[in-house]
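Work through the exercises below with the sequence and the structure open. Each task is followed by a worked solution.

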Amino acid sequence: MTSFASGEGLAYRPDIYCLPIQIVNICFIGDPNDQQGKWVLVDAGMPSSAKKIIKAAEDRFANPPHAIILTHGHFDHVGAIIELIEHWRVPVYAHTLELPYLTGKSDYPPADPSVHGGLIAELSSLFPHDGINLDDRVKPLPEHGVVPGMPDWQYIHTPGHTPGHISLYREADGTLIAGDAFVTVKQESLYKVLTQEQEISGPPKYFTTDWVQAEKSVKRLAALDPYLAVTGHGEPMFGELLKDNLQLLSTKFQEIAVPEHGRYVPEKSH
């Protein structure tokens, strides 16, 4: 499955470069004109995408990244991580609650195709949900929201989609990297994923296991009132469109985001 936007990277700010890899977005954070040349990669894309990521990075930067930051460890966000680590020899950081899934100690719960919503949801039982083992190559993010290599940013714990999911926020210009805390495409629908039709949505339904926490996370991000949001799936959204849609998602989360039924859906949401 590959969207029409795959491989067409775009800089949404001088130091924010979003690269779609099949159906997921990764971000290069750093100004290529900065003489220090320091930059950070957020997430590691789909399996077998390492060469594309490395090529895009080398086209943009003279140096390897300072670090790789993972919003979470689902297969479409860590698909190339091992190859990237071996190529660049740089540290990887994730929230401490995500580490069991990145150090071979735990697997994620299986996807739930019963949430419906489209062909991708129906096929989701085929998606990998095994954890990976990065051993000591992955480190816990520091406390107090500090992001290594990103001094102007903070990470925000946004659980729900996974226990240790994080989002990244830069207050100075209202830039949010939301991961899968919410997305801007109906990720369950193959047609909308392929066409990248923009639509505010909660986290991908088939892999979200804690809807109570997911709603709290969206409300936390909406309260930031971001100007630009780069999400794990879908095209970035900004300005009044983002403000209006994110507030709508926050206030009507149960109606917009939560499936009517599913393995991980609380009884009260049926």
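The axes used for packed helices are lines fitted to C-alpha atoms over the stretch in contact, and the angle runs from 0 to 180 degrees between N-to-C directions. The model is a predicted one.

**Exercise 1.** Describe how helix α7 and helix α8 pack.

Solution. Step 1: take α7 as residues 211-222 and α8 as residues 239-251. Step 2: the angle between them is about 145°, and their axes lie 9 Å apart. Step 3: the crossing of α7 past α8 is left-handed. Step 4: list the residues that meet, which are Val-218, Lys-219, Leu-221 and Ala-222 from α7, and Leu-246, Gln-247, Leu-249, Ser-250 and Thr-251 from α8. Step 5: sorted by kind, the residues of this contact give 5 nonpolar, 3 polar and 1 charged.

**Exercise 2.** Find where the buried residues of helix α3 lie, and what covers them.

Solution. Step 1: with buried set at under 20% relative accessible area, Ile-81, Leu-84, Ile-85 and Trp-88 of α3 (residues 81-88) are buried. Step 2: viewed down the axis of α3, these buried residues fall within an arc of 100°, so they line one face of the helix. Step 3: their cover includes β4 (40-42), α1 (50-60), β5 (67-69), α2 (75-78) and β6 (92-94). Step 4: just after α3, Arg-89 has a positive phi of about 55°.

Notes: Residues numbered from 1 in each chain as written. Predicted model: local features only at pLDDT ≥ 70, side-chain atom pairs only at ≥ 80, totals over all residues. Heavy atoms only, no water. Buried < 20%, exposed > 50% of the residue type's maximum accessible area, 1.4 Å probe, protein only. Helix = DSSP H or I, 4+ residues; strand = E, 2+ residues; numbered from the N terminus. Arc of directions from axis to C-beta. Contact = heavy atoms within 4.5 Å. Left-handed = near helix turned anticlockwise from the far one by under 90°. Nonpolar A, V, L, I, M, F, W, Y, C, P; charged D, E, K, R; others polar.
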